[in-house]
Amino acid sequence: MASAVWGSAPWWGPPPPAPARPLTDIDFCSGAQLQELTQLIQELGVQESWSDGPKPGPDLLRAKDFVFSLLGLVHRRNPRFPSQAELLLLRGGIREGSLDLGLAPLGPYARGPHYDAGFTLLVPMFSLDGTGQELRLDVESCYAWLCLPELMQGTSVREAWQDCLGPPIPGGCSSIHHSNITEPEPLVSLEESPGNGLGPESPRQDITHLHFTSLKKMNGDVTKVAVDSPVPQPSEALEAWPTLCPTKVAAWFFATLARVAESLYPVPGAPRLVHAARHAGFTTILLATPGPPRHLLLFDLIPVVSVAGWPEGARRHSWAGPLISESSSFYLVPGDQRERQGASGWQLCFARQELALKARIPAPLLQAHAAAQALLRPLVAGTRAAAPYLLRTLLYWACERLPALYLARPENAGACCLGLLDELGRVLEAGTLPHYFLSGRKLCAGDGAVALLLALARLRGDPVGALCAAVEEAKAARKGGGLAGVGGGAH
């Protein structure tokens, strides 16, 4: 019996060849399969969920309470320290791009040998309420200056902060906000984020280390002090008002914290403070949890100024909707050491708005960004690189540029991770990146961009190998780690 044919081939013959898989399934640069990269990114997210999940474990909660109690005790020892603070706690340290601090030193810390999870805590020293003339903005940069009048409600604020004053602004800065200095209201927020360097950081005068071998019991009670809203009493021209120097404030913040910490003694079952150091504008502390498992948790503590309102010329809308509301506010933070004509400037920071934006970013893109940060972290350890925050800014620009449906597809996480790293390489080569919040301003990649670009190129040649190493590092952090030679001391 003759067989039935379809065209010239018998119907029972071999099936036609499958269509070729699209080229987008393969990374052209490395030859890696995007599906494998996506699987590794998802595995990394699972391993880091112990510290980045929506429900923090008891170790993390105890560590957070320890830090808050320490700050409360600092106030009881030093009344100049604010008694009530609008604390903002962010998941991820400065090395994960939690904040824009410019080219501030990142310290010698590497996740794994030195710590298992990082956090950033913003501690307001002042709150500006919107009716004075203390805040002045440099229209050509991302910096502002805080000018202090002689008296506020009969109190000499200059005398109180005499050791932290800088020279008056020589001119050329325009006022963007009119604010009074008041004590902040109590509020705590916790961000729910996903999560060996180019060379060690050279010894610097702006880096101070403290190592603790014994701790005493802390009392976390904070005495509430009622403070009336002060009204400035201008007895001289605004141009003559001295400025509050962020570098001096950061040094005072660390010294005050260190004096209190040195007087503590250990409490069974409580976290133990094992290391503290100042790196330019922020203080880094390491806490050892009692376990098991025993974890080393890193906290970057940053003295800031909270400003109610919105700076003139700043972005008002994003892909996720309006950025401002009736209760909008932003921060002034000590960035890299920068002086403009003798006056020390604070750097503008939009941490609260970034926290809201992050909640609107599709989960696969967040996973891709967390993986890219994990790959970048060992490359920037011990440097002054701005790359971690540049990578975070590229995340926002990606949401503005790419379709939401594409970013929300889980199978695209691998391509998004590589895309972020490639974009970062182009930024490092160009040297600048447009600021997401301040139109016309640019973020600087810094002098170490060339060396980092070379390291990033080597990483891009084998992203699978780098992701496998990041997954193993996350597994080790989940089990608990040790403290190896941070700052040259034994712990």
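Residues are numbered from 1 along each chain as its sequence is written, and side-chain values use heavy atoms, with hydrogens and water left out.

**Confidence**

Colour the model by pLDDT, the predictor's confidence in each residue from 0 to 100; the mean for the protein is 78, and 73% of its residues reach 70 or more. Select residues 1-9, where pLDDT stays under 50 and the model has five contacts beyond four places in sequence, a contact being heavy atoms within 4.5 Å. Then select residues 211-235, where pLDDT also stays under 50, although the model has 71 such contacts there. Where pLDDT is low, the predicted coordinates should not be read in detail.

Return to α11 and show A449, L452, A455, L456, L459 and R460, which are buried (buried means under 20% relative accessible area, exposed over 50%, partly exposed in between, with a 1.4 Å probe and protein chains only). These residues cover an arc of only 140 degrees around the axis, which puts them on the same side of α11; the arc is that of the directions from the helix axis to the C-beta atoms. On the other side of α11, V450, L454 and R458 are exposed. The buried residues of α11 pack against α7 (363-380), α8 (387-401), α10 (413-430) and α12 (463-479).

Move on to α12, where the buried residues include P463, V464, L467 and V471. Seen down the axis of α12, its buried residues fall within an arc of 160 degrees, so they line one face of the helix. G480, which follows α12, has a positive phi near 105 degrees.

**Two loop residues**

Select A280 in the loop between β15 (272-279) and β16 (282-288); A280 is not a glycine, yet has a positive phi of about 55 degrees. Its relative accessibility is 3%, so A280 counts as buried. N78, in the loop between α3 (58-77) and β3 (86-91), counts as buried at 16% relative accessibility. Leaving aside neighbours within four places in sequence, N78 is in contact with W252 and T256.

**Salt bridges**

The structure holds 14 salt bridges, each a side-chain nitrogen of Lys or Arg within 4 Å of a carboxyl oxygen of Asp or Glu. In α3, select D59 and R62, whose side chains meet at 2.6 Å, N to O; being three residues apart in this helix, D59 and R62 are separated by about one helical turn. D59 is buried at 13% relative accessible area, whereas R62 is partly exposed at 34%.

Next, show E400 and R315, which form a salt bridge at 3.4 Å, N to O. E400 lies in helix α8 and R315 in the loop between β17 (296-308) and β18 (317-318), so the pair ties together parts that are 85 residues apart in sequence.

How values were computed: Predicted model: local features only at pLDDT ≥ 70, side-chain atom pairs only at ≥ 80, totals over all residues. Helix = DSSP H or I, 4+ residues; strand = E, 2+ residues; numbered from the N terminus.
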